[in-house]
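Happy to look at this one together.

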Amino acid sequence: MTQIACVILAGPNRQTLITEQVLPSVLAHPFAEVVVIGNYRDGPGYRYLHVPPVTGTTVDGLIKRDTAAVATSADIIVYLCDDHRLDPAFWVDLESYLPEPWDLLAPSRYCIREGLRVPLNMGRKEGYVGGHGIVVRRSALRLLPWMAGLHQGDAARIWDVTYSVDAQKRGARVIFAPDGVLGIEDIEPLARPWL
């Protein structure tokens with residue numbers, strides 16, 4: 001049976017979101033492992049690994065991703081940022097993708113504005129997969145760990161693009177879930193960089 005882990009990458013500023021929205025949405029699903037990594041605290045139903053900032057840049061996200069890969073043993077890892085909430089149907093949608101041949105699976109992300117569901121790009125238009133909300137087979141991480149990808153600048157989007165390109169050059173298969181399937185909601189109440 002395929003084992004699936006969920007990893008929440010926690011920064012210092014979204015503790016309330018993690019407690020009130022992110023963790024409840026994750027713990028509602030039957031993940032074999034749930035790990036909160038970064039800046040948070042111990043609690044029931046998950047493991048916590050404190051990984052302090054190393055560079056003070058977005059590269060710390062890559063460090064957290066690789067640390068989570070080492071700290072888990074599941075065949076598949078769902079990576080979430082600390083402002084992502086899983087749809088109630090996420091698990092059922094994910095199970096439907098398990099027989100498919102993929103290495104990097106991009107969920108459909110969205111936000112709610114004025115009561116409406118607003119789809120987010122997730123790199124589909126540019127052909128890259130955003131590592132802050134992604135489903136990855138462990139075999140792909142063995143092929144190319146996060147820190148082994150090309151790094152150009154500090155912007156997360158830049159290294160998501162270069163990682164995606166490099167992974168595909170090494171044979172990684174990428175699938176983008178259609179809007180409304182395998183949903184991850186961006187719940188940061190004030191940030192609107194995507195609109």
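Q: What makes F31 and W91 count as buried or exposed?
A: Both F31 and W91 are buried, a word used for residues under 20% relative accessible area, with exposed meaning over 50% and partly exposed in between (1.4 Å probe, protein chains only). Bear in mind that this is a predicted model, in which local features need pLDDT of at least 70, side-chain atom pairs count only at pLDDT 80 or more, and totals for chains, interfaces and linings use all residues. Residues are numbered from 1 along each chain as its sequence is written, and side-chain values use heavy atoms, leaving out hydrogens and water.

Q: How do you know that F31 and W91 form an aromatic pair, and of which kind?
A: Rings of Phe, Tyr and Trp (its six-membered ring) pair if their centres lie within 6.5 Å; planes under 30 degrees apart are stacked, over 60 edge-to-face and the rest tilted. For F31 and W91 the centres are 5.1 Å apart and the planes stand at 90°, making the pair edge-to-face.

Q: Why does the pair of F31 and W91 tie together parts that are apart in sequence?
A: F31 belongs to the loop between α1 (15–27) and β2, whereas W91 is in helix α3, so the pair ties together parts 60 residues apart in sequence. Helices (H or I, at least four residues) and strands (E, at least two) are DSSP runs, numbered from the N terminus.

Q: Why is the pair of W146 and Y163 called what it is?
A: Their ring centres are 4.4 Å apart and their planes are at 25°, so the pair is stacked. W146 is in the loop between α4 (138–143) and α5 (156–169) and Y163 in helix α5, 17 residues apart. Both W146 and Y163 are buried, and together with Y79 they form one aromatic cluster.

Q: What makes R65 a charge over the ring of W146?
A: The rule asks for NZ of Lys or CZ of Arg within 6 Å of the ring centre and within 35 degrees of the ring normal. R65 lies over the face of W146 at 4.5 Å from the ring centre. Likewise, the charged end of R137 sits over the ring of W102, 4.0 Å from its centre.

Q: How do you know that β1 and β2 pair?
A: Two strands pair if DSSP finds at least two bridges between them. Six bridges join β1 (residues 4–10) to β2 (residues 33–38), and these strands run parallel. Along them, A5 stands opposite E33 in β2.
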